Amino acid sequence: MRNSRFQDELAAEQDQAQRAAAAAAEAPQRGPASVEALALAMPSYRPSLRTAIAVPFALILCFIVGFQAFTRHSQINSLIDQESHRLLAALTSSSRDHLALFLDEPFRIQRDIADAISRHDLYKPGDLKPLYQHLLGVYNDLYVAQHQISVLSFGSEAGEYAGIRRESGDPGFTLMLKDKTTAGQLHIYNGDQREVLTASFPDYDPRGRPWYAPTVQQGKAGWTPLYTNRDERQQITISAATPVLREGKLLGVMEADLDLAGLNHFLIDEPLRGQGVLLIVDKLGRLVAHSERSSVVADANMGSSGGERLRMSESPSRLVRAAAEQVEAAEASGSGLGHEFQLRVGGERFFCQVTPYVDARGLDWRIVALVPESDLLGDVREVSQRVTWLVVLVALLGLALGMWIISWVTRPIHRTVEAANQLAQGQWGAPRIDQGKLQETAILVHAFTQMSERLQRSFDELRDQLRYDGLTQLLTRRGLLEQAQWPQPRSTVLCLIGLDAFRAINDNVGYSTADSLLQAIAQRLRESLPPQTLMARVGGDEFVLLYFEAQPHSAEALKARAQAVGEHVQALFNTPFASGGDEVLVSASVGLAGGLLDCLDLPEWLRNASVALGEAKRRGRGRAVLFEPSMMEASRQRAQLANELRHALLGEQFLVHYQPVIELATGLVSGAEALVRWQSPERGMVSPALFIPVAEESDLILGLGLWVLRRATQDIAAQLHDLPAGFELHVNLSARQLIQSDFVGELRQALLDSGLPAQHLTLELTESLLIGGDVAIETRLREIRALGVKIAIDDFGTGYSSLAYLSRLPFDCLKIDQSFVRKLGHSSQDAAIVSAVLNMAEGFGVDVVAEGVETEADALLLRQMGCAHAQGYFFGRPGPLAQCDWSRRGAEKARPATLKP
């Protein structure tokens, strides 16, 4: 794939160069002849010079006026938006602060009265006269200015009640009493003395009111929900309630009713409100208070008492109804808190903000502020419109004046047109234009000159952005190709550096640290390489170095020099890089190309170095490989194979074969390993050793691995009831799959779709994948085991077999590589290695599977050594699931085939 990409880029560059050469060849011919041809092509009618200049002048003037009007309009809108945000923020902040003080006052009053009741023993069971006289006294003497409080009352633990109610429109108070003197009934008197009885309620019990029981249960002061009073008025109110204790014993509850009309007056009196509207609504969108003169209660607007609170959509105010839909929609979507929006009602624009008001005592309200545009900037918009019309009038006068003096400006304008034509042809070195004697033409010429200079600077900056990498400040690939300008071929070594496992670095340390790492690498390259070396960043994790040799060298000498350069470059990666606050050690693979380089051949050299880099990465990390012509053919074949693999994956040309895993002690089948096979229409049955590495190099291994996982789990789940008990399906997992962030989710979904229990699945990972000590891989393995899926280390013994990573990583099984099993009966060293692995597995408490068992002698010897499980051609070759024989077998039977005819 890398080879194909560079071939496409080379073809594009050659095509671009051909087009540029053709354009350059045609440029000298488009001189006077082209002008004459243009003149001949013009119609017979030719406008006068006055008309030809006046029309563009008028258009330019109209554009300027329109742009000014648009700019002014945009500025005013921006200013209004800024002022609206500032005013809404100030208004809601002021309202919230004042509301907090306004609503805290009832609790302060209650604390004082509750303290007095407890300290002075004002509560006398059966006779509440001392208590209500105290309430009346403090209400009248101290708290009469607190208009938001409509009722101060006390309910006892015995069900007695005494309250003082403020009468609206009347400076007096009403006494409400229930004790032994009222025969257990709630009496409401006309006035603050027990003289004229106006109403009586026989079933009233304060302990059943919304302000009593919740306060007793919580044991602290708090607000009640909005509710309807049980007196003769049946008004909707909200109460602040505080428990009254004496020596830790509950005497009752002190409560204060908050007058919703008082809240309305509070909002009306907000100094920052202006002509705007303030609302307080609950989470359900019902009005608690507003700055309108109407009531928030539905029936009250119709002249009756009681009723339910209005929703915003039911408000008599057209503005409030218009805002209701936005507020309710924002509340439903969860964006209602701190939400801003705009409305247009009655031809005027309103700016709106919804702000939460939540306190520790249980209130969860919303403050809605609606501010008209006229409160922000007054008549600025009308003044701006008048100014705009004045500008238009002045422009028309200027146009008339310009028509009168047009003959004076012909020469500078003509020269300006010529200069513009030169700019259009890319001739930035146009001579300076004489500005003429008139101010208008001088301004026009000066503006044109500034515009052309700004355009030139913009093009220069854009070119720099294309030529230099913004992150590392190295050349880009395009910049490198532009810099490659020398008359004669030069002895050159080209290095293409590719960082190993850079994607894993991104996943582990994050993109910010990875970017810092790239900058640190670029800085080290600058500091460590000769100044004449050309350096470029040509990919996300790839750098190009061009070494120029002072003296020509032979081909063999250049190859040796290229290898030395590659070793020198790799040595630069032996020490960690400072990346942010981290020290990151990264290895690099290097693709080399050397010889006499003609500047026009640089794209091809880059392609060759890319092919060599791909070969270096295939041979292992930290390699330097010099390009050879044979690599190109191999790269082409791999690209062709990768393309065929892609079509094979789409065309479902893959098969899953199964090789049984045998329990050596009993001869029973304990599981099977799923092995992918490719039945190509052109190639026939393709060996996995050929197509798996190609799939690993590309992203095809992700789709192929997921397909094998899904197919194998579905196959085994469908026949699990016919398989031996405890059957385990072994599926190979590639490193590319494991590092995918969504792999655990795909694994979980595959198990759910197939219905295969997780304990029947074992994922096999090669030992080389685990020895790097990657924390992300260790975390991913633990997530897999958390699903119940088992982990097996495949090809064990071929890597470092380090006890350090074995003791750290979660795994359930070791698979002894077949290279040790095949020489088990002939090599005492291999026998010792197998014995050591078995002892190690026993110490770790994990299973062992020996791979590659091809003879009865190997099977018997493994069983004698204590190996629990084995697989290989002796027990059965891989085959389709329908042809697998799951019957019992043993080494003494010596049956090499297990496929049914």
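## The antiparallel sheet

In this predicted model, five strands make up an open, antiparallel sheet in the order 11-10-14-13-12 (strands are DSSP E runs of at least two residues, helices H or I runs of at least four, both numbered from the N terminus; two strands pair if DSSP finds at least two bridges between them). Its edges are strand 11 (287-290) and strand 12 (339-345), each of which pairs on one side only. From one strand to the next the twist averages 25 degrees (axes are lines fitted to C-alpha atoms, for helices over the stretch in contact, and angles run from 0 to 180 degrees between N-to-C directions).

Seven bridges connect strand 12 with strand 13 (residues 348-358) in the antiparallel sense; L343 has F350 of strand 13 as its bridge partner. Helix 6 (residues 260-268) packs on this sheet and touches strand 10 (277-282), strand 11 and strand 14 (364-372), where contact means heavy atoms within 4.5 Å. The direction of helix 6 makes about 45 degrees with that of strand 11. Helix 7 (residues 318-333) also packs on the sheet, touching strands 10, 12, 13 and 14, at about 150 degrees to the direction of strand 12.

Another open sheet has five strands in the order 16-17-15-20-21, with mixed pairing. Strand 16 (534-539) and strand 21 (624-626) are its edge strands, each pairing on one side only. Neighbouring strands are turned against each other by 20 degrees on average, direction ignored.

Strand 15 (residues 490-499) and strand 17 (residues 542-548) run antiparallel and are joined by seven bridges; G498 stands opposite E542 in strand 17. Helix 16 (residues 602-619) packs on the sheet, touching strand 15, strand 17, strand 20 (588-597) and strand 21, and its direction makes about 145 degrees with that of strand 20.

## Aromatic rings and charges

Rings of Phe, Tyr and Trp (its six-membered ring) pair if their centres lie within 6.5 Å; planes under 30 degrees apart count as stacked, over 60 as edge-to-face and the rest as tilted. By this rule there are 16 aromatic pairs. F63 and F67 are stacked, because their ring centres are 6.1 Å apart and their planes at 20 degrees. Both lie in helix 3 (residues 49-120), four residues apart, about one turn of the helix. Ring pairs also link Y161, Y204, W211 and Y212 into a cluster.

A charge sits over a ring if NZ of Lys or CZ of Arg is within 6 Å of the ring centre and within 35 degrees of the ring normal. R361 lies over the face of F107, at 4.1 Å from the ring centre, and R524 over that of F577, at 3.8 Å.

## Basis of the values

Residues are numbered from 1 along each chain as its sequence is written, and side-chain values use heavy atoms, without hydrogens and water. Local features of the predicted model need pLDDT of at least 70, side-chain atom pairs count only at pLDDT 80 or more, and totals for chains, interfaces and linings use all residues.
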